[in-house]
Amino acid sequence: MSDLDNFIPQATADGSFTFFSQEFGESFHSSYGAHQESFFKFAVPTELSKKANKPVVRLLDVCYGLGYNTAAALQTIWTVNPDCYIEVIGLELNAAVPQAAIGHNLFNNWNCEYTEILTQLAFSLSVQSPRLTAKLLIGDARSSIQLVNNSNFRADAIFLDPFSPPHCPQLWTVEFIQQLSLSLHESGSLATYSCAAAVRTALLTAGLQIGSTPPVGRRAPGTVATWASPTPLPPLCQAEKEHLLTRAAIPYRDPELSDSPQVIIKRREQEQLTCGMEPTSRWRKRWIKKGTIQM
């Protein structure tokens, strides 16, 4: 069986396609739209259209996947400033995923102008051109991020896009997010689709400020994080603030950046049992009653 056979395109509501991961038991994108997610969950919250006016913009794409988030970033930046020089580092576990996206011609479905670049990146793992340096680091992102930090790469934007915390806890831990924070430029921003209290706690533990980004294709918002924003980040609502005081906010931990998902999940469950924080079910019941959150 070829890699193309392992990844079968699935249509999403905006006409773009995604894949389903047998390994993680989840789709790479929501059914509402893979294309819109890449722009509105990542390119927009990290304010790439403003950063495009800089002579150089550096991007760290964590869990590169099909390549959509990087494609959206290139399109956003070069639409504003065609002369902007972009440096991209993508972290990806499985090189077959971006290669399958190219093999199935998935970028044709959203009129991406940069398919040639993305093809070279998927198959050669690096691109060098007059206005772009890009490379893919294949393997466990917990190891790759340390290579990034050792190179003194500092990103203007970080896209944090792993599978969900219950399915891929190793890339949502306090320790991994601390490593990501070391890669974030002092004026940079990190965006993720997740609003999980455990993830937000990890971001706060790393010393970052957090804000809530608008829902895209689902009821739940995303999260943006910075060191110090010149303008206030979109605030968390009261329900979100109180969520950070419940057992759900106990973060995932991976002290040596090497534990299995099962060990990481078990460690968190044990900490939740002894933390003395409000049960998340009580918080949920309270805010459902107020009509702020829905099941």
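**Terms and their grounds**

User: What makes the contact of D156 and K54 a salt bridge?

Analyst: The side chains of D156 and K54 meet with N to O at 2.5 Å. A salt bridge is defined as a side-chain nitrogen of Lys or Arg within 4 Å of a carboxyl oxygen of Asp or Glu, so the pair of D156 and K54 qualifies. The two residues are 102 residues apart and link distant parts of the chain: D156 belongs to strand β9 (residues 155–160), K54 to the loop between α3 (48–51) and β5 (56–62). Helices (H or I, at least four residues) and strands (E, at least two) are DSSP runs, numbered from the N terminus. By the salt-bridge rule the count comes to 11.

User: On what basis are these values computed?

Analyst: The model is predicted; local features need pLDDT of at least 70, side-chain atom pairs count only at pLDDT 80 or more, and totals for chains, interfaces and linings use all residues. Residues are numbered from 1 along each chain as its sequence is written, and side-chain values use heavy atoms, with hydrogens and water left out.

User: Why is α2 called roughly perpendicular to α4?

Analyst: Helix α2 (residues 34–43) and helix α4 (residues 68–80) pack at about 65°, with axes 9 Å apart. Axes are lines fitted to C-alpha atoms, for helices over the stretch in contact, and angles run from 0 to 180 degrees between N-to-C directions. Angles under 35 degrees count as roughly parallel, over 145 as roughly antiparallel, 65 to 115 as roughly perpendicular and the rest as oblique; α2 is therefore roughly perpendicular to α4.

User: Which residues make that contact, and how do they divide by class?

Analyst: A34, S38, F39, F42 and A43 of α2 meet Y68, N69, A72, Q75 and T76 of α4, where contact means heavy atoms within 4.5 Å. The residues divide into six nonpolar, four polar and no charged. Ala, Val, Leu, Ile, Met, Phe, Trp, Tyr, Cys and Pro count as nonpolar, Asp, Glu, Lys and Arg as charged, and the others, Gly among them, as polar.
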